Every structure is written in C-alpha cells, then in structure tokens.
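Thanks for asking me to look this one over. Here are my notes, in the order I would raise them with a colleague.

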Amino acid sequence: MAKAAGVSKATVSYVLSGNPRISKGTVEKVRKTIDRLGYKVNHAARALSTARTMTLAVSSWPQQGPYLALSSGLHMFALSHYAAKYGYSLMFINDSDGLLTLRDIAESKRVDGVVIMDVREDDKRIEAAVDAGIPAVLFGYTDYPHGLTMIDSDYESEAAHIVSHLAERGIRETILFLQSKKVFRNRLGFAIRFRDAFLLEAASVGMKVDIVMPDDDDSDSSALIRDSILTHPEAGSIVFHNEAANIAAAGILPSMGLKVPDDYYVVGVIAKYISDEFHLPFVSIDTCVNMLAETVIHALVTKIETPEQRLSDQLVTFPLAVPFAG
C-alpha cells in the first residue's frame, strides 16, 4: 500500500489516523491509492504491531435518578462514532468518582487513552490520569488541567453573546434557568462557567437576573417554568441553560397564553440536533456535538500515536441562531 502510493508506511499511518501534519496533497494521493486498491485497515494487525489495545475510555460523571439528558446520549454516540473512524473501540467509566476504575484500567493497560468528561473544579480524575501516565484529553475546562489538553464549548463567550443580544432588544430583566442544584453542588465546571459569565456580563449592562434552579435533574421543569414567569412579572425573557426545561418550555409558554417572541423572549443553550428535532421556536446557541466529539477524539488519538506533538487547548464558540426576523 505505502509503495503503491509512493510514501512511507509511517505516512500512510498518519493519513489513516488523520494527523494534521500531513499535507493535503499527500493525503489526497494516499486516499486515491486506498480507493484504487480497495485497501481496508486491519485493526487487529494494527493493534498487534503497535502493542496497543485499540480501545479508548470515556470517564463521565454518573447521573443519579431516572433522568438522563438526551445530550449525554448524543455525546456518547458521537465519541463512539469518531473513535471507530480511527479504528478504536470505546469503554465507558461511570463509577462514583471515576478514580478507582481509571487507575485500574491505566495500570492494567486495558486502554490506550482516556477522555475525561463532565470536568469538575479541581477534578481528582485529572491528577490520577497524569500520575498513571496514560494519554488523556479533557472534554471540559478547569483552572487545574495539570498539563492535559482541554476542549469544550466556549460557555463564557456564549453567555456574553446572549446578554448582549437581550440588551440590544431592550430587555432589562431576565430569568436565568440553570442546571440543577445538584450539578452546582458537584461543582461541574460547564455550569459554573456559564452562570458566572452570564452574571458578569449582565452586571456590566445593568441587567437584572432572576436565577432559577431545579432541585435535581429529574425535577418537574414545567411547573418551575410556570412559577418562575408568574413570580417575576417584570422579566421580559427567560434563558435556559437546562436541556429538559428548554424542551418543556415549547409547550408551557403557549399554555400560559404567551407567544414567542412577541409576548416573551426565550433563549436556550442546547444541542443542535435536539433543537432541530423538537422544532424549538427559540433563539438558541445550537451546540454541535459532532464537532466537539470529533475534535476530542482526534486530539486523544494524536496524543497516543504522536505523543511528541504539542496540542493546544480549544474553546469552540457556537453562534446565536435567531429563527425569526428582527
């Protein structure tokens, strides 16, 4: 295969793993040769030749109770999809803190690398992965990454964009419907980053923010949305950083006689697939789960296969989508 393409075996390997250091011309030449010869990657032989397991681990924060966010399933599916494109299988770690299992799989060399999701402030899993010497990438941001590459949505920028958008429409008070109190008790970074950035930007433009949080992930969002609007009559809008509430709002507001956006302005931060699937008629930050998952897997595979390559942290900003004129 390498001889037919006129390149080295290492170059073929880099092309198959998506290494960005290979020029577009070389990639195109190798891909054309692959198509011409009908070449298929033998992942079993590849694993034997590299002494790898061809398995990646994903360490996620365990959800309690019957509620599981749709976006969690989307993230897992996308990570598995892109891992498979690189010839890797996926193992999911979901114990109480991820530490024991993470250390065990690292010491037993059952996986080649790990994605640490749902990153908390001062997350103990990060130091455990570094101490174990296993290639790892953070699907999230923290002030204490211990040198690991971090990839996530730019929640700070997105929160600022939402506030600016509301201010431009003359809205001086808004309800901010956040993740559950349990999420904040567990110090999950994405929730804290969005909340803090939103409040900071709102203060800078003189906007009043009425914070609402359900007690748990499976709390009744519908009742809480209704109560929030009734108890904050001066608020001209509601912003959702909560998937279940965002979906529920599409039915609750019309039942209250509120037409969006004429009577009430709604902004949500939600996975694009979910927004499209439920036809949510709101202004939204539509997060592309596939883009984030592909970036995370590519970074981890690069760490495994070309460990000498330095990788930069990446915060991805998704634009504000307005489904109506004005």
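1. **Ground rules.** This is a predicted model, in which local features need pLDDT of at least 70 and side-chain atom pairs count only at pLDDT 80 or more, while totals for chains, interfaces and linings use all residues. Residues are numbered from 1 along each chain as its sequence is written, and side-chain values use heavy atoms, with hydrogens and water left out.

2. **The chain overall.** The protein chain has 14 helices and twelve strands; these are DSSP runs numbered from the N terminus (helices H or I, at least four residues; strands E, at least two). Of its 326 residues, 49% count as buried, where buried means under 20% relative accessible area, exposed over 50% and partly exposed in between (1.4 Å probe, protein chains only). The accessible surface comes to about 15400 Å², and 52% of that belongs to carbon and sulfur atoms; the areas come from the Shrake-Rupley method with a 1.4 Å probe, and for residues only the protein chains shown count as cover. Among contacts (heavy atoms within 4.5 Å) between residues at least 6 apart in sequence, 72% join residues at least 24 apart.

3. **Helix α12.** Where does this helix bend? Helix α12, residues 243-255, bends by about 45 degrees at A249; the bend is the angle between axes fitted to the seven residues ending at a residue and the seven starting there. A249 is itself buried, as are E243, A245, N246, A248, I252 and L253. The buried residues of α12 pack against α5 (70-85), β6 (173-177), α11 (221-231), β8 (237-240), β9 (265-271) and α13 (272-277).

4. **The ends of α12.** After α12 comes G257, with a positive phi near 80 degrees. The loop between α12 and β9 also holds P261, which is joined to V260 by a cis peptide bond with omega of about 5 degrees.

5. **Helix α14.** This helix covers residues 289-305 and reaches 24 Å from its first C-alpha to its last, close to the 24 Å expected for its 17 residues at 1.5 Å a residue. The expected span is 1.5 Å times one less than the number of residues. Twelve of the 17 residues are buried, leaving α14 mostly covered; among them are V289, L292, V296, L300 and I304.

6. **Aromatic pairs.** How many aromatic pairs are there? The count comes to three, using rings of Phe, Tyr and Trp (its six-membered ring) with centres within 6.5 Å; planes under 30 degrees apart count as stacked, over 60 as edge-to-face and the rest as tilted. Y155 and F190 form a tilted pair, 6.1 Å centre to centre with 45 degrees between the planes. This pair links distant parts of the chain, with Y155 in helix α8 (residues 155-168) and F190 in helix α10 (residues 189-204), 35 residues apart. Another tilted pair is F194 and F198, at 6.0 Å centre to centre and 35 degrees between the planes. Both of these residues lie in α10, four residues apart, about one turn of the helix, and both F194 and F198 are buried.

7. **Positive phi in loops.** D118, in the loop between β3 (113-117) and α7 (124-132), has phi near 50 degrees, a positive value in a residue other than glycine. D118 counts as partly exposed because its relative accessibility is 22%. H146 likewise is not a glycine, yet has a positive phi of about 55 degrees; H146 sits in the loop between β4 (136-139) and β5 (149-153).

8. **T142.** The loop between β4 and β5 also contains T142. Buried or exposed? T142 counts as buried because its relative accessibility is 10%. Not counting residues up to four places away in sequence, T142 touches V119, R120, E121, D122, I126 and M150. A polar atom of the T142 side chain lies 3.1 Å from the backbone nitrogen of Y144.

Technical notes. A polar contact is a pair of N or O atoms within 3.5 Å; within protein, one must be able to donate a hydrogen and the other to accept it, and residues adjacent in sequence count only if both atoms are side-chain atoms.
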